[in-house]
Each structure stands twice: as C-alpha cells, then as structure tokens.
Amino acid sequence: MAQDDHSGTELAAADSSHAVQEFAGSTGTAVIPHDAFENPGFEPHRPRVTDEDPRREKRAQRTVYTLFYLSILGSVWAIAAYMLFPIESNDVGAVRLNNMFIGLGATLALLGIGFGAVHWGKTLMTSAESIDIRHPISGSEATQQGAVEVFRQADEESGFSRRTVIRNSLIGALLAFPLPAVVLFRGFAPQDQIPVELLSHTMWAKGTRLALDPSGVPIRAADVTIGSAFHVIPEGLIDLEHGKLEEKAKAAVLLMRLDPSELNETPDRASWSYDGIVAYSKICTHVGCPVALYEQHTHHLLCPCHQSQFDVANHCEVIFGPAKRPLPQLPIAVDDEGYLIAQSDFTEPVGPSFWERH
Amino acid sequence: MSTATTRSTTPAKRSFTAGASEYINDRTGIAVAIKGLGRKAFPDHWSFLLGEVALFSFIVVLISGTFLTFFFQASMAEVHYDGSYVPLKGVEMSVAMASTLDISFDIRGGLFVRQMHHWAALLFVAAIGLHMLRVFFTGAFRKPREINWVFGFILFILAMAEGFTGYSLPDDLLSGNGLRIIDGMIKGIPLIGTWTSFLLFGGEFPGTAIVGRLYTLHILLLPALVVALIAVHVGYVFIHKHTQFAGPGREPTNSVGPPILPIYAAKAGGFMFLIWGVISLIAALFTINPIWNYGPYDPSPVSAGTQPDWYIGFADGALRLIPPGWEFVWLDRTWSFNILVPLVAIGIFIGLVVAYPFIEAWIKGDKREHHIADRPRNAPTRTAIGAAGVTFYAGLWAAAASDLLATHFSLTMEGVIHALQATVIVGPFIAYFITKRVCLALQKKDREIVLHGYESGRIVKLPGGEFIEVHQPLDEYERWRLVSYESYQPLMIRPNARGKITLGQRVRASFSRWFFEDRIAPVSKGELESGHDGHH
C-alpha cells in the first residue's frame with residue numbers, strides 16, 4: 001500500500017474512503033461537517049518493558065509458571081481438604097471448616113490459572129493489534145437479490161400466494177392446533193374445586209376453640225392478660241392429615257387483649273370481642289404475608305413484608321402502607337369451660353384481594 | 001496409485017497434534033472456522049468485560065446447579081427432618097427443604113457448591129444489568145445491534161426468572177413468603193388473577209405442587225432458553241464484530257484489537273478463571289441464604305427485615321411505595337390498584353428499556369451502521385435519560401429495604417416511604433437535568449481543550465508583568481479522541497410528497513427537538529485554525 005513508516009495513516013485514509021462506499025444509508029439528522037478532522041491513523045507502537053528488558057521478560061515468565069504451579073497446589077489442597085475436614089455429625093463448625101478449606105483450595109486453583117494466563121497475555125504474548133475490516137451486515141447487493149429470488153421461486157413453485165384458499169386454510173389450521181394444548185393447562189389444578197369458594201371460607205366454625213400456634217393447646221380467656229398477643233390457629237388444625245398449610249394460610253389469627261376502654265368498637269361488632277380480647281386475621285389484606293409484628297403501646301400491627309400498619313383499637317383499619325382493607329375480625333366468645341371459641345367463620349374472605357371478591 | 005498426493009509422500013515422522021488436527025479437520029471442516037475467526041480482532045476496554053462476567057458466572061451457575069440436582073429433591077411431601085443439623089431435628093418440613101439441608105450439612109463440599117451456585121446467580125444478574133448499562137450509555141445498541149439488544153433484554157428477564165424460581169425451591173420460610181407475595185400479586189390481576197394463582201399452585205396456596213413445577217422451569221425450560229439465547233447473543237457479537245471506542249486508527253469500517261488467538265484467548269480465558277476464583281472465594285468465606293436459620297415454610301410466622309434477592313428488590317419496593325387505599329370495588333369486582341399500578345409501572349419501565357433503541361433510531365432517522373461507541377457525554381440527552389432510569393430503578397430498589405433504612409437510621413417508616421416516593425417521582429427529573437448539564441459542560445470542556453490545549457501547570461511572566469499559564473496543545477492522537485464524534489440537529493418539519501405534514505412528523509420533530517436542541521458540535525479544523533489566529 002505505502003511506505004512502511006506511514007502505513008497507519010495510509011490505512012486510515014484508505015478506510016475512510018471505504019466508509020463512504022460501504023456504510024451508505026440515510027444519515028438522518030446527523031450533522032456531517034465539511035472540515036472535520038481526519039483520523040491521524042495508528043499511534044506508533046510502544047514496546048512494553050518485557051519486550052525490551054530480557055530480565056523483566058524472564059521475571060514475567062517465572063511469575064506465570066509460578067502461578068500455574070500454585071494453581072496445581074490449590075487443586076491438591078482442595079482434594080486434601082475434602083478428606084482432612086470431614087463433616088462430623090451434629091457439628092456445624094465442621095461444616096464451616098469443610099466449606100472454607102475446600103473453597104480456598106478451589107479459589108487458589110482458579111485464581112492461579114486466571115492470573116497466570118492474563119499475565120502471560122499481557123506481558124509475554126506479542127502485543128500487536130489485529131485489524132479487521134467491517135463489511136455491511138446486509139451482505140452484497142447480489143446476495144440480497146439472490147435471497148429475494150429464492151423466496152420468489154419458492155412462492156412460484158408452491159403457489160403460496162396464488163392458491164389463496166390453501167394458504168388461508170393452512171393459516172387457520174396452524175392457529176387452531178395449539179389450542180388443545182392450552183386447554184390441557186386446566187389440569188394444573190383440581191377439576192372439582194372452585195377457587196372463589198375456597199378463598200371465601202376458612203377452618204373456623206361456630207364453637208371452634210382458639211389454640212396456640214404451633215402447639216395447638218386451647219387458650220383460656222383468663223390466660224390472656226391485658227397487653228398480650230397470641231399467635232392462634234383453630235384447634236384441630238395440627239391434626240389434619242391433608243391441607244394443613246393451606247388451612248393455616250387462611251385461618252391464622254392474632255389474639256390481643258386491650259383495655260376495653262381503648263377499644264373503639266362499632267355497635268354491630270361490639271359482641272365480637274370478649275372483655276377487651278379481640279381476634280383478627282393474621283393474613284395481610286395486601287398480598288398475604290403474616291402480619292406478625294404487634295406494637296403493644298400503640299396497638300398497631302405491622303406487616304414485615306410491605307409495612308402496612310393496622311390499628312387494632314379501630315377494627316384493624318389501615319393507617320399506613322399499601323393495604324386497603326382492614327384485617328378481617330374473627331367473632332369470638334367464651335365457652336362453658338372458659339376457653340375462647342369462634343362464634344362463626346370470618347364474615348368475609350381473608351388474605352389478599354382477588355378479582356371476584358366483593 | 002498414480003495420484004499419490006503430497007500428503008502420503010511426506011515423511012512418516014509427523015507430530016501427534018498435526019495428525020490429530022488433520023483427522024478432525026477431515027471430518028469437520030473446522031479449519032474454515034479457525035482461519036476465519038482465529039485472528040479476529042477483539043477491541044479492548046474494561047467495560048467490554050461486563051458481558052463476559054455474566055457469561056462466566058452463568059457457566060458456574062450451570063455446572064454447580066447440575067451438581068445440586070443430583071441431591072436436591074423437588075418434593076413438598078412432609079417429612080420429619082433427621083439430618084445433622086441439630087436445632088431442626090424432628091421438625092416437620094418438606095422433602096425439598098430437608099434435601100437442601102442435607103446438601104448443606106451432610107454432603108462434603110455440598111454447602112460450598114450451593115453457595116457458589118447462589119453467589120454466581122447473584123453475580124450473573126448483576127453483570128447483565130451493568131452490561132446493559134454499558135451498552136446503553138455508549139450507544140452500542142444502534143444499528144445493526146438493535147435486535148441483539150432485545151435478545152440481551154430477554155436474557156435479563158430470564159435471568160431474573162431463573163433467580164426467583166431457584167430462590168423458591170428450598171421451601172424455607174423466606175422463599176415461602178416470597179411465593180406468598182407472588183400469589184397475592186397474581187390474585188390482584190383483574191379477570192384472570194384468581195384462576196392463574198389457582199392453576200399455578202395446583203389449588204390453594206401453598207399447595208404441594210409449586211416447588212416441583214418451579215423446579216421444572218428452573219432446571220429445564222429456563223436454562224434451555226438462556227443457553228440458546230446466549231448462543232444467539234454471542235453469535236451476533238461475532239457477526240457484528242464488537243464495537244470500539246473512537247481512537248487513532250479506529251474507523252467505523254474496521255475493528256481493532258488483540259487477535260482472538262492467542263492474546264484475547266489468554267486474557268478472556270484467564271479472566272474466566274478469575275471470575276470463577278472470585279465466586280469460589282466468596283462462597284468459601286461468606287454464607288448466603290442460611291435456610292437453617294429461617295426454618296421450613298409456615299404461613300404464620302415471618303421475621304422482620306425480610307428481603308428478596310437483590311434483583312427482585314425493585315419489584316418489592318414498588319409494592320411498598322403505593323399509598324394507602326388504592327383498591328376499589330367497582331362493578332361488583334375488586335380492582336387492586338395497589339398491585340396493578342406497580343405491575344403496570346414496571347411493565348412500562350422495562351417496555352421503554354427494550355424499545356429505546358428503536359425510539360432513538362426513529363428520532364434520528366439515521367440508517368447507517370454504527371460501530372464506534374459513543375462517549376456518554378457526546379449523547380447528552382440519551383445519557384440523561386439513562387440516569388433518570390437508573391434513579392427510578394434505584395428508588396424502587398431502595399424501597400425494598402424501607403424497613404431496614406428506618407430501623408438502621410432511626411427514621412420513621414412513614415418518613416422513609418414518603419422520601420422514597422418523592423425520589424421515584426421527582427428524582428428521575430432531577431437526575432435528568434443534572435446529567436444533561438454535566439454532559440454539556442464536559443463537551444464544552446473537551447472543546448476548550450481541543451481549541452486551547454490543556455493546562456501545563458507552567459506559569460510564565462510576560463514582559464508586561466502579566467502572568468499566564470502556558471497551555472500545551474494536544475497531539476493529533478489525543479485530539480482525535482475528543483473530536484471524532486457525530487452530533488445531530490433537531491428535525492425540520494417538511495411537508496411530505498403530498499404536501500402534508502403528518503402527525504408522525506410532528507411527534508418526531510418534537511422528540512428530535514427535545515433530544516438535540518442543546519447541541520455541542522465537535523471542533524472542526526477551521527475552528528482550530530481560526531482559534532489559533534484570532535481571539536481566545
């Protein structure tokens with residue numbers, strides 16, 4: 001192309017003429033200046049210390065192979081650690097040692113190869129850069145024409161656009177054939193259940209005793225002191241053979257006792273509490289996390305997932321956070337033996353909102 | 001035998017590698033690929049490594065995950081735990097949880113592989129996110145790479161799906177609560193929500209099906225898609241050749257960098273081992289997802305400070321930022337705007353992310369291929385939009401830790417939420433304006449340096465007594481880095497062939513004005529010369 005000492009410049013000049021030819025296309029609103037600077041071409045190649053100083057080159061070589069040997073040592077160590085640090089049953093400390101020493105061995109093995117290879121590449125391998133010429137992604141005009149011709153010929157031979165009845169009926173068939181597969185997805189859930197029905201009822205029923213979560217021991221009204229809060233499940237839940245978690249996900253309740261004077265109860269719900277003891281669904285009306293945090297002196301419940309806050313003193317209405325509805329209240333009473341019982345199921349669906357809820 | 005080739009007449013003494021490579025090539029024709037690709041130039045810049053970090057951490061995820069499948073059992077059948085971890089002995093839990101505990105406590109090196117898997121997954125998503133930011137801010141999504149941007153975007157979504165499904169598998173308290181939240185969100189979707197949740201969980205939440213189903217997605221469907229898309233994505237990097245930053249000798253029509261064999265192979269291959277080594281080091285020293293502390297899933301208890309994995313944080317944060325009361329009963333149906341608004345807002349956000357290359361191309365009307373990466377300052381509006389997007393995302397993300405922010409800094413819950421609501425709504429605008437001004441100022445500084453040189457630090461006293469600092473002119477290579485960019489001007493509305501100004505034209509023109517009104521052109525030769533002749 002040109003003299004050696006100017007090859008970079010020459011290359012650049014040759015390329016910019018390519019640019020005009022090859023990447024033609026609308027420039028849109030780009031401003032193409034008339035007297036822009038020209039690419040000065042490649043900077044003179046700067047040798048590295050390892051190119052010039054044989055001692056540095058030797059040292060780099062030593063570094064690289066030392067790193068690779070260290071890597072082998074790391075692999076051997078990881079295997080040895082597997083045997084030297086067995087997991088003794090019931091000892092968490094042994095697990096930790098096993099994890100750490102196998103891991104450190106593997107780390108040495110990997111980092112040794114990594115640093116060694118990179119160092120080799122950076123200091124010892126010839127540092128000349130390659131130059132590739134880019135060509136338009138679309139290919140040459142002839143290639144594009146060739147592709148168009150293939151389609152045209154295929155269309156001609158098959159009659160795809162000519163025989164419209166065949167074509168359209170095929171499109172129809174192709175649209176219809178995946179539909180049975182979609183229907184199969186109905187089998188993902190039991191055929192004999194209706195979700196709205198299930199979401200509307202819980203395990204609570206008239207006379208079900210309130211029991212402690214997780215022990216299942218029934219709770220006496222006398223045991224609930226003012227200011228205390230209990231995590232509650234319906235009695236009998238822990239004995240369920242099937243669907244224990246599903247029932248618990250709806251029936252979990254928080255039981256709290258407030259000073260009756262602090263409780264602002266609407267007249268229609270005055271009979272739902274017992275001597276300042278109130279029971280509310282523990283399942284957040286936002287997206288269903290357990291509203292597990294009770295602040296005793298403010299009577300506020302906090303959902304730890306999205307920080308909705310409910311005011312127990314005011315029928316658990318929302319005072320902050322993304323939830324809208326108050327936590328549903330479980331009407332309670334006391335049976336002959338002094339145990340807390342439910343008067344009925346919840347009077348509305350518990351937990352997160354759903355479309356059919358109203 | 002008269003047609004004996006040179007091959008058969010060569011001396012019998014040949015190296016093993018020569019023989020082996022000939023054997024393979026005769027059967028695969030691989031020489032074509034090696035000759036074509038082996039010396040391909042691969043442009044160098046630290047930011048080009050981010051995509052590689054994603055690829056290399058994915059390899060760790062794949063290999064460690066395969067190991068874990070040999071031990072994990074995706075069943076929600078209830079068992080009484082009987083493994084080595086004493087505090088949970090006898091506790092009722094699912095087989096999935098018990099087998100995860102066994103991997104952690106009863107299989108040597110099992111915890112290490114499990115932690116590698118989780119840490120590598122976190123790094124995988126993080127690296128994809130940073131890689132996307134690099135591509136965005138340097139304009140590497142422009143023609144011909146728009147479609148590869150879409151593939152990369154889908155990979156980002158798939159990576160998050162992989163992460164979430166994997167996070168849910170151990171069936172511990174934390175992951176169960178994560179699923180509970182997903183269930184609650186799905187139920188809030190109008191019309192299809194209730195049934196979708198019912199089908200997904202195989203009945204009522206939590207049911208006994210979800211872990212098995214997520215497992216199939218996690219180890220079969222999603223990885224297959226990810227692997228296929230990575231192949232396509234990386235394949236297109238080869239077809240397009242990598243972008244490069246402007247520099248001496250770098251042209252739109254060339255690609256300059258170390259050849260794949262040997263330098264790039266050594267550096268990238270070595271880098272792969274470095275990434276693996278770092279993941280291994282973290283897994284060796286830092287615990288992640290200690291499910292034994294959380295216990296098995298139970299719908300009733302939950303601990304304070306629950307957090308999803310980092311990449312789900314923005315969605316969780318979006319849920320938290322909704323003010324009270326955004327839910328209505330209308331037409332006898334429940335409209336949960338407290339769930340719909342976050343879903344729609346996130347949908348619009350990621351929709352804009354995936355559509356951005358096409359929007360910018362439409363505004364510019366530029367149909368040329370672009371292979372020179374922009375410096376972010378030279379595309380001020382784009383960079384400012386990116387900063388606004390990052391601020392929006394960061395606001396949502398911070399909101400996922402609203403409770404921790406409140407407790408750690410002794411703030412009120414309400415104060416944190418209100419501040420973050422303001423951040424998410426006003427923050428992007430502030431970030432936009434600041435970033436745009438900074439970009440323009442940097443462009444002006446570049447012009448200044450090109451025209452007047454850089455400050456040399458040498459103070460000279462003139463004969464008249466005036467002190468001046470000598471400015472050193474740039475050499476031509478340095479100058480080229482600062483002047484070799486293109487600027488765009490606002491679109492002029494012109495009637496089309498039928499003498500009409502269409503609505504599309506008007507919209508495009510107003511977008512174009514927004515993008516390119518503040519335009520700082522690169523210094524031209526004439527300017528530099530007249531600058532030297534005349535005034536300062």
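Which strand of chain B does strand β1 of chain A pair with, and over how many bridges? I began with this question and kept in mind throughout that I was looking at a predicted model.

**Entry 1: the pairing across the chains**

I found that β1 (residues 130–133) of chain A pairs with β4 (residues 254–257) of chain B, in the antiparallel sense and over four bridges. Within this pairing I noted that D132(A) stands opposite S255(B) in β4(B). I then looked up the whole contact between the chains, to which chain B contributes 110 residues and chain A contributes 97 residues. On the side of chain B that touches chain A, helix α11 (residues 260–285) of chain B supplies the largest share, with 16 residues. Sorted by class, that side of chain B has 49 nonpolar, 35 polar and 26 charged residues.

**Entry 2: the cores**

I turned next to the largest nonpolar core, which has 168 residues, and asked which of them touch the most other members. These are L210(A), V232(A), V253(A) and L255(A) from chain A, together with F124(B) and I279(B) from chain B. The element that gives the most to this core is helix α6 (residues 110–137) of chain B, with 16 residues.

**Entry 3: chain B as a whole**

For chain B I recorded 20 helices and nine strands, and a C-alpha trace that spans about 90 × 85 × 65 Å along its principal axes. The chain has 536 residues, of which 44% count as buried. Of the contacts in chain B with a separation of 6 or more, 72% are between residues 24 or more positions apart.

The domain assignment of chain B gives domain 1 as 1–297 and domain 2 as 312–536, and the centres of these two domains, taken over C-alpha atoms, are separated by 31 Å. Where they meet, 26 residues of domain 1 of chain B are in contact with 28 residues of domain 2 of chain B. On the domain 1 side, the elements that give two or more residues are α6, α7 (146–168) and β3 (244–245) of chain B, and α7(B) gives the most, with six residues. The residues on this side of domain 1 of chain B divide into 16 nonpolar, six polar and four charged.

**Entry 4: Q307(B)**

I placed Q307(B) in the loop between α12 (291–294) and α13 (313–320) of chain B. Is Q307(B) buried, exposed or partly exposed? I count it as partly exposed because 15 other C-beta atoms lie within 10 Å. With its neighbours within four places in sequence left aside, Q307(B) is in contact with A400(B) and A401(B). Its C-alpha atom and that of D374(B), 67 residues apart along the chain, are separated by 37 Å.

**Entry 5: a sheet in chain A**

I traced an open sheet of four strands in chain A, with the order β6-β7-β8-β9 and antiparallel pairing. Its edge strands are β6 (293–295) and β9 (317–320) of chain A, each of which pairs on one side only. The twist from one strand to the next averages 35°. Strand β8 (residues 309–311) of chain A is joined to β9(A) by three bridges, and the bridge partner of Q309(A) in β9(A) is F320(A).

**Entry 6: backbone points to check**

Most residues other than glycine have a negative phi, and most peptide bonds are trans.

- The peptide bond from F205(B) to P206(B) is cis, with omega near -5°, and P206(B) sits in the loop between α9 (193–200) and α10 (210–240) of chain B.
- L261(B) and P262(B) are joined by a cis peptide bond with omega of about 5°, and P262(B) lies in helix α11 of chain B.
- H299(A), not a glycine, has a positive phi of about 60°; this residue lies in the loop between β6 and β7 (300–302) of chain A, and H299(A) is buried, with 21 other C-beta atoms within 10 Å.
- L191(B), also not a glycine, has a positive phi of about 70°; this residue lies in the loop between α8 (173–187) and α9 of chain B, and L191(B) counts as exposed, with 10 C-beta neighbours inside 10 Å.

Terms used: Residues are numbered from 1 along each chain as its sequence is written. Chains are lettered from A and ligands numbered from 1 in the order in which they are written. This is a predicted model: local features need pLDDT of at least 70, side-chain atom pairs count only at pLDDT 80 or more; totals for chains, interfaces and linings use all residues. A nonpolar core is a set of buried Ala, Val, Leu, Ile, Met, Phe, Trp, Tyr and Cys residues joined through C-beta atoms within 7 Å. A residue is buried if 20 or more other C-beta atoms lie within 10 Å of its own, exposed if 12 or fewer, and partly exposed in between; C-beta atoms are placed from the backbone. Two strands pair if DSSP finds at least two bridges between them. Axes are lines fitted to C-alpha atoms, for helices over the stretch in contact, and angles run from 0 to 180 degrees between N-to-C directions. Two residues are in contact if their C-beta atoms, placed from the backbone, lie within 7 Å. Domain bounds come from an automatic or database domain assignment. Ala, Val, Leu, Ile, Met, Phe, Trp, Tyr, Cys and Pro count as nonpolar, Asp, Glu, Lys and Arg as charged, and the others, Gly among them, as polar.
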